[in-house]
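Have the viewer open while you read.

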Amino acid sequence: MASRPGILTDWPWKPLGSLKHVILVPWVVQNFYSFMVKDEKDLSSFLIFPVLLWRALHNQLWISLSRYRTAKGNNRIIDRGIEFDQVDRESSWDDQILFNGILMYVGSKTIPGASHLPMWRLDGVILTALIHMGPVEFLYYWLHRLLHHHYLYSRYHSHHHSSIVTEPITSVIHPFAEHISYFALFAIPMITTITTGTASATCIAGYLTYIDVMNNMGHCNFELIPKWLFTIFPPLKYLMYTPSFHSLHHTQFRTNYSLFMPIYDYIYGTMDTSSDTLYENSLRRPEEAPDVVHLTHLTTPDSIYHLRLGLAHMASTPQKSKWYLWLMWPVTMWTMMLTWIYGRTFVVERNRFHKLRLQTWTIPKYNVQYNLQWQKGSINALIEEAVLEAEEKGVKVLSLGLLNQGEDLNRYGELYVQKYPRLKTKVVDGSSLAVAAVLNSIPKAATQVLHRGNISKVASAVVLNLCQRGIQVAVPSEDDYKKLKKSFGIRSDRNNLILSKSYSIKTWLVGDGLKEEDQKKAAEGTLFIPLSQFPPKKLRRDCFYHSIPAMAAPASLENVDSCENWLPRRVMSAWRVAGIVHALEGWDEHECGYTMSDIDKVWQASLQRGFKPLAVATHSKF
């Protein structure tokens with residue numbers, strides 16, 4: 001929002017919220033009906049909706065590409081990250097597509113010659129290019145300078161400049177009034193070709209795509225225009241800007257006003273003198289070498305949308321199943337094929353914490369694949385490749401997230417440490433901090449807890465610690481009881497471990513494998529505390545569900561603009577936090593296999609570094 005919002009700041013359909021797209025339905029239905037039923041074969045008007053879909057897809061591809069490249073770091077222009085407030089501010093980027101769509105539908109019905117356009121006319125393409133290079137670029141330059149006058153800037157254009165570090169879609173984040181003026185400018189070539197009878201459907205669609213390409217490219221925060229282009233054709237620097245050129249406009253504000261062609265900044269003396277230097281420095285910038293890597297993987301087929309490289313607004317909220325994702329199954333299947341073909345670990349996120357450079361890498365495998373015996377070899381190979389790549393890049397700590405640390409898969413990561421005994425990168429499964437987070441989630445007044453679900457390294461350690469504290473742990477399963485008792489050895493505290501079929505205990509420790517019928521047996525008001533990285537399905541409205549082992553991140557953790565799977569904003573799983581703390585403390589040992597770091601030491605170190613425990617749930621949300 002601008003610092004002093006002026007009139008026509010909000011879009012007319014803002015009250016509709018997420019239902020705003022229904023405003024296009026009457027136009028789309030009418031065009032489809034006319035083309036398919038009434039046999040009015042106006043192909044150019046019929047193609048308006050496919051063009052709008054193409055623009056949305058095209059913009060999303062730029063967002064994903066930009067986030068991937070800036071996470072890797074090579075050719076990045078500005079080091080600063082973005083935060084949730086920017087993601088929220090830019091989540092309505094499709095408003096301008098809706099606006100353009102309505103005007104195109106109206107224009108095709110009301111402007112003489114705007115319907116039944118031919119598919120191609122070369123003279124229209126040439127005329128469009130000449131008009132854009134002349135009047136459009138010139139008028140935009142002076143409109144842009146006018147928008148930087150303090151009166152208009154405070155009421156309108158400051159909204160766009162709230163984003164110092166830009167993403168591709170920052171290009172269209174403007175108040176409604178600004179978009180009216182921009183459309184009026186960009187409509188000049190289209191209206192001219194229509195009135196002169198030289199317009200074509202391809203020309204209009206191509207011009208809109210050109211605008212989107214240049215807009216997205218100029219705001220992508222990584223340099224991608226090769227220097228040899230300007231070497232071969234030196235005048236090109238007056239006709240095409242670069243991402244670094246426009247980035248200076250967002251950091252310096254009073255330079256580089258041009259739309260896509262810097263010629264007017266050269267003519268009127270507003271070109272930033274550091275433009276060439278920033279461009280060359282960005283091109284030379286190497287890929288960033290992280291200090292800490294968190295290795296995770298895809299979960300469900302639609303989890304690709306929740307990745308930071310996916311849908312930005314969806315990635316900024318905890319992962320949940322949404323009905324409309326079923327409508328996107330063709331895209332979902334395409335992304336699954338893409339991950340299968342690509343077949344390599346990829347970078348999805350970068351953060352900075354004090355002097356540490358953090359990255360999150362994702363293995364292109366899904367939960368279901370981790371449960372297939374014949375897939376474990378390829379998964380282990382991918383994890384091993386990631387470990388060796390981290391070693392090569394000088395990574396201090398690699399933490400294993402989700403199912404990458406399974407006992408059946410790699411013995412909690414021990415497999416790689418044994419295979420490479422001279423490994424300098426420390427492999428951390430985060431079990432000690434996960435145990436500490438669970439122990440500190442149990443109500444202080446609790447004297448009894450009940451354990452349900454699979455027995456894991458974390459579960460065994462939690463049960464042992466509770467028994468040592470004098471808290472009785474009830475286990476309904478005889479097999480689980482025997483496994484836990486055996487793990488205690490000859491300790492006297494195993495007397496606090498009891499075999500009990502009673503479900504009246506109000507504090508439950510639940511691992512993977514918790515059955516629905518078990519939840520139904522719980523007493524009203526029971527608190528479920530997960531032991532694993534996957535939260536249980538919330539079936540009981542009369543019970544409380546605590547978060548998986550996790551901690552709130554300190555404010556000094558930078559570039560946090562997405563949620564980690566199903567966790568709330570700025571909350572990180574204990575397994576991920578453990579890797580960061582391990583690197584901060586400089587601990588020179590692995591934490592994997594059946595060994596575990598000192599639980600109290602790890603917990604206290606996490607608190608001292610600014611991570612905070614989560615409050616115990618007092619109500620459940622669905």
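Six strands make an open sheet with mixed pairing, in the order E5-E4-E1-E3-E2-E13. Strand E5 (426-428) and strand E13 (557-558) sit at the edges with a single partner strand each, so one side of each has no neighbour in the sheet. Strands here are DSSP runs of E with at least two residues, helices are runs of H or I with at least four, and both are numbered from the N terminus. Two strands count as paired if DSSP finds at least two bridges between them.

A word on provenance: this is a predicted model, where local features need pLDDT of at least 70 and side-chain atom pairs count only at pLDDT 80 or more, while totals for chains, interfaces and linings use all residues. Residues are numbered from 1 along each chain as its sequence is written, and side-chain values use heavy atoms, with hydrogens and water left out.

Back to the sheet, and to E3 (residues 356-363). Seven of the eight residues in E3 are buried, where buried means under 20% relative accessible area, exposed over 50% and partly exposed in between (1.4 Å probe, protein chains only). On one side, E3 runs parallel to strand E1 (residues 292-297), with six bridges joining them, and Val 293 stands opposite Gln 359. Strand E2 (residues 346-353) pairs with E3 too, antiparallel and over seven bridges; Asn 351 has Leu 358 as its bridge partner there. The E2–E3 hairpin has two residues between the strands, and His 354 takes a positive phi near 55° in it.

Strand E9 (residues 507-510) is covered on both faces: Thr 507 and Leu 509 on one side, Trp 508 and Val 510 on the other, are all buried.

| Pair | Sense | Bridges |
|---|---|---|
| E1 and E3 | parallel | six bridges |
| E2 and E3 | antiparallel | seven bridges |
| E6 and E9 | parallel | three bridges |
| E9 and E10 | parallel | four bridges |

Within the E9 pairings, Leu 450 of strand E6 (residues 448-452) stands opposite Trp 508, and Val 510 has Pro 530 as its bridge partner in E10.

Now for a single side chain. Glu 223 lies in the loop between helix H9 (201-218) and helix H10 (227-232). Beyond four places in sequence, the contacts of Glu 223 (heavy atoms within 4.5 Å) include Asn 75, Ile 77, Tyr 279 and Leu 283.

Zooming out, the chain has 26 helices and 15 strands, and buried residues make up 55% of its 622 residues.
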